[in-house]
Amino acid sequence: MSEPTFTEEQARAISSRGEVIVSASAGSGKTFVMIERLVSLILSGADVRSTLCVTYTNKAAAQMRERLRTALLRKIGKSEGEERLRLKEQLARLPLADISTVHAFCSRLVRTYFYLADVSPAFRVISPDDAEGTLLSSRAMDEAFEQLYGEHDEAFGRLLAVYFRKKKDAELKKLVLKLYAKARLKADYRVLLEQTGSFEGFGGIVSYLAEEYGARARSIRACAEELAPFFSEHCPKALAICNELAAAAERISSGTLFERSAAAREPLSFTRSPTINAGTEEKLRSKLLLQRSLTGAMKKLYGELASFESEETERLRYENGQETARALSRLILRFDGIYDRLKREAGVLDYNDLEHCALRVLEDDGARAAVRGKYRYVFVDEYQDVNPAQERILSLLSGGEVFLVGDAKQAIYGFRGGRSEYFLKKAKEFATLPLSRNFRSAPAILEAVNRVFTRAMTQESCGADYLPMQGGERYGEHDGAVRFHLVAAEKERAPEGRGVYSVLTEPRPQRDAVAERIAELIEEEVGSEWFDVDKGLVKKVTYGDIAVLVRKNSGCAEAVVSCLSTRDIPVTTTASVNLCDFWEARLILDWLSYLDNPEQDIPYAGALLSRLGGCTDAELAAIRLRFPSPYTFRAACREYCRAMRDDLSAK
C-alpha cells in the first residue's frame, strides 16, 4: 500500500492537538483526516480503547472502523520493531474501540450506570414512531385528557376553546405531540416547560421582529439596486420599479416595529410589474427575479408589517398568548409524566430518553470523571447536525483532546433538531481549521456552488461567511457543466364534461412538463461521453450513469418514473409506487379474477393472452406506448385476444 499524501490543510488538521474544530467542505476528505489523525495519536502512544468516535449513522460508524483497520494495516506493513508490535496490538484491540452513533454510545453509558439514570438495565430501545411507541404515546395522551376532563381544569378549558375543532380534540392532541417532540430536543426541557409563560419578554420580541423586518427590507433594497443598471439599458419601466422597490424598502428599514408598521400601511405605488421583452435567458431570469421575487417579497413584507396594530393591542395579545402557552406547557408536562410511567412499566426507552438518561449520568461528578478518564480522545463527525441535548452530552464528555468535524452549510435539514449554531459557537471557542479543497467534484460544479453560496451565506444571513471550495485538478481538461433548464408552466385545462365511461376509449394522457423535459435530457445524454475520474477513462453514458434527484418520493418522483417508463427508459426508484400497476402483477391479478369468475371480460382477456403465448416483445412494447393506462392496456389486450380467437375459429 502506498503512503497517502496530504494537502497543507489536511496535514495541519492531522497534526493538531487540543480542542480543534474542522470546517470541512463537501468532498474534502474529512473522514480520511479523522482516521489519519487517530492513527497519528496511536503512533504517539494513544490506546485505541481510550478514544470515542461519534458518527451520525451506523453505516458511517462501520465504514470508519473499517477504514481505521485498513490504515493500521498499512502502517504495520511499513513499520518494524517495537512500533510494529504496538500497532499490531492496537489492531487486535480495534473491536473494543467506541466508534458508534450518539444513541449507541448513550445506550451503553446508561446500561453501565443504570442506577444513576434510574432505569432498568434490561431496557429495550424503541422509536416514538414505531408501533409500540405510537401505542404508548396514544395511551398516555388519552389518559392525560381523561384526567383533565374529570378535573374540569380551567387552563385546559382555555385550550379547548382555542383548539377544539368539529367537536373533537384531535387538533390539540396533535399540537401537544408536535411541541413535545421539539421540547425533548432540549437538554433541560422540563425546566423550560415549567418556566414557559412566566417571564416578561414583550419588549425583546418587539425589538427582534423590528430587526428581522429591517434585515428583509435591506436585502430587497440591495437586490433592486443591483438590478437597476441592467434595466436602465433594457427596460426603463422595470428601472422605475427597481427605484420604487428601493424607496419602499427604505421607508421600513428603520424605526420601532410599530413605526415600521405605520409606514407599511402606505400603499405601494406599483400593483404589477411591467412587461419585459425577454429575448435572452439572462433577460428572462432577470424578469423572473423582478416580477416574481422582489415585488412579491415586498408585498408580503408590507402585508406582514401592516397586520400589526397598536402597541397596547399587541401587548394584550402577548399576555393572552402567555396564558395559552402556560396552559399548553402544563398539558405537555402532564402527558410527559404519564408517558414516562408507561414506558417504565413496559421496560422501554426511546431515543430521546437515551439522551436525557445519559445527561443524568454525566451530571454526576463521579460518573463524569470516570467517563472522561476513559475517553481521553473524543472525535465527532457531522457536528453541525447535533441537537441541544447531544451538544450538552458531548460538552460534558470533552476533555483536553477534542476533534470536531462538520460543515455549517450542510446543516440544511435540521434532522432530529440539529442546529448549526452550536458548530458556529464552537468555531469561536476552539482552534478552527478549514478543509476547503474538494476532491470529488468537477471545476464547473465548484464554480457554480461558490457563486451561489458566496452571495447567500454571509455573516449577516447565516452567522458565518462562506469559505469558497477549491479543487477540480483530478478532472484535468474535463470541466463538467452546470445547466439550468426553465420549463414553462402548463396552462390549466377546462374540466371535461362527464359522459359514459368506456375501457375502449383512450384517455387523454396526463402531461408533466418537468418529467418530459427530464426524459428528453436523458435521451440526449445517453451515448455521449463522460470522464470517469476514478479510472481516468472517457466512457459512453449509459442509463446506469444517470440519476434523477427529487425533493420527496411522491408527486414529482411518481410523474418522472411514469414518464420514463412510457418512453421505455429503464428506471429504478425509491419512490412509493403501486406494484399492482406493473404488467406482471396485473397478469397475476387477472388470472385470480378469471379463476374466481370466468365471465369477467377484462380478466379473461389478460388470462387468455398469457395462455396463448401473448404477443411478441415488440408488439407488447407498442401496446404499452399506445396505452400507458392499465385499463386501456387491458382493453387493447382484450381486442388482441378476440382477434386471436377469431383466427383460431377460422382455422
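Keep in mind that the model is predicted.

Let's start with the largest pocket, which has a volume of about 1,900 Å³. Its lining is made up of 32 residues. If you want to find the middle of it on screen, look for Ile445, Ala481, Val482, Arg483 and Ala547, which lie nearest the centre. Two elements give two or more residues to this lining: helix 22, spanning 513–525, and strand 11, spanning 529–532. Helix 22 has the largest share, with six residues.

Now move along to the surface, where Ile588, Trp591, Leu592 and Leu595 come together as a nonpolar patch. Between them, these four side chains' residues have about 420 Å² of accessible area. Take Leu592 as an example: this leucine belongs to helix 24, which covers residues 583–596. Its relative accessible area is 52%, and exposed means over 50%, so Leu592 counts as exposed. A bit of helix geometry is handy when you look at this part: an α-helix has 3.6 residues a turn, so residues three or four places apart point the same way.

For a contrasting view, turn to helix 13, residues 257–264. Here six of the eight residues are buried, so the helix is largely enclosed by the rest of the structure. The buried ones are Leu257, Phe258, Arg260, Ser261, Ala263 and Ala264. Buried here means under 20% relative accessible area.

Methods:
Residues are numbered from 1 along each chain as its sequence is written. This is a predicted model: local features need pLDDT of at least 70, side-chain atom pairs count only at pLDDT 80 or more; totals for chains, interfaces and linings use all residues. Side-chain values use heavy atoms; hydrogens and water are left out. On a 1 Å grid over the protein atoms alone, a cavity is a set of points where a 1.4 Å probe fits but cannot get out, and a pocket is an open set with protein on both sides within 12 Å along at least five of seven lines; lining residues have an atom within 4 Å of a point. Grid points are joined across faces, edges and corners, and a volume is the space filled by probe spheres set on the points. Helices (H or I, at least four residues) and strands (E, at least two) are DSSP runs, numbered from the N terminus. Patches are made of residues with over 30% relative accessible area and no salt bridge: like charges are joined within 9 Å, nonpolar side chains (Val, Leu, Ile, Met, Phe, Trp, Tyr) within 5 Å. Accessible areas come from the Shrake-Rupley method with a 1.4 Å probe; for residues, only the protein chains shown count as cover. Buried means under 20% relative accessible area, exposed over 50%, partly exposed in between (1.4 Å probe, protein chains only).
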